Amino acid sequence: YTGNASSNTVPSGLDFTEGSWLSWIKLRDGSDSHYLSDSTQKTGVCFDSFASDRTYGKQTGETTGINAVGTSSYSIQGGNAQVNGNTKTYTSWNFKAAPGFFDVVTYTGNDTNGRTVPHNLGSAPGMIIIKGTNDTYDWYVYHRSLGSNDYIRLNLANAASTNANIFGANPTSTHFTVGANWGNNRDGYNFVAYIFAHDDASFGTDGDESIIKCGSYAGN
């Protein structure tokens, strides 16, 4: 879509009026941060937001950004260059929670190893992205190709790190595991997890098609 620094309607193709959702937006003709907004918090005129390359928590009390959602589009207001700069072009990736596809989960940390957090995918996640909403700490990412002993940080260029206590165990169809660390389980702090399914063949006319996969490849 193209920004207008005012009131703007962005087609999503999804009904955001019911259930959880995530909108991930990136300026195409500039170097500003990726902008993430979801259904879990709206403390101002607009939904709270993250930048995926920054460690700060959710930006609250927002007056620019996504301010209302509909059945096939959402509206953005203000001239924030991350999402609606005048004549700037943007890409928007939109996800709505659905079993076998995607889920948004919030929880409060307790700094305990082996702590399990429930989700509603109904199948084992292929990728989980976690961020503290009120903490200035890294984004922690689980991916099925790395397993539960390794993790990456979304906001850094570092290679994967090894720490068996970050995720503790591979996720199941009902829950994922976090450990005694500040990145995804700091005691008393709030977290949001974006959970992506992998190869759940429960879609299509006969309920035997997959619409999402989390894979890996070797460069050449």
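A nonpolar core is a set of buried Ala, Val, Leu, Ile, Met, Phe, Trp, Tyr and Cys residues joined through side-chain atoms within 4.5 Å, where buried means under 20% relative accessible area, exposed over 50% and partly exposed in between (1.4 Å probe, protein chains only). This is a predicted model, in which local features need pLDDT of at least 70, side-chain atom pairs count only at pLDDT 80 or more, and totals for chains, interfaces and linings use all residues. Residues are numbered from 1 along each chain as its sequence is written, and side-chain values use heavy atoms, with hydrogens and water left out.

**Exercise 1.** State how many helices and strands the protein has, and decide how its radius of gyration compares with the globule rule.

*Solution.* Step one: count DSSP runs, taking helices as H or I of at least four residues and strands as E of at least two, numbered from the N terminus. The protein has two helices and 15 strands. Step two: the radius of gyration, taken over C-alpha atoms, is set against 2.2 Å times the number of residues to the power 0.38. The protein has a value of 17 Å, close to the 17 Å that the rule gives for 220 residues, so it is as compact as a globular protein of that length. Step three: 45% of the 220 residues count as buried.

**Exercise 2.** Describe the largest nonpolar core and find the element that gives the most to it.

*Solution.* Step one: this core has 34 residues, and F102, I130, F176, Y194 and F196 touch the most other members. Step two: elements that give two or more residues include β2 (21-27), β8 (102-108), β10 (125-132) and α1 (164-167). Step three: β15 gives the most, with seven residues. Step four: take F102 and list its contacts (heavy atoms within 4.5 Å). Leaving aside neighbours within four places in sequence, F102 is in contact with L22, F95, K96, A97, L121, Y194, I195 and F196. Step five: a second, separate core has 12 residues, among them I25, F47, I76 and Y90.

**Exercise 3.** Locate L154 and decide whether it is buried, partly exposed or exposed.

*Solution.* Step one: L154 lies in the loop between β12 (150-153) and β13 (161-162). Step two: its relative accessibility is 30%, so L154 counts as partly exposed. Step three: beyond neighbours within four places in sequence, L154 is in contact with W24, S52, I129, W139 and V141. Step four: L154 and K131 are 23 residues apart in sequence, and their C-alpha atoms are 9.5 Å apart in space.
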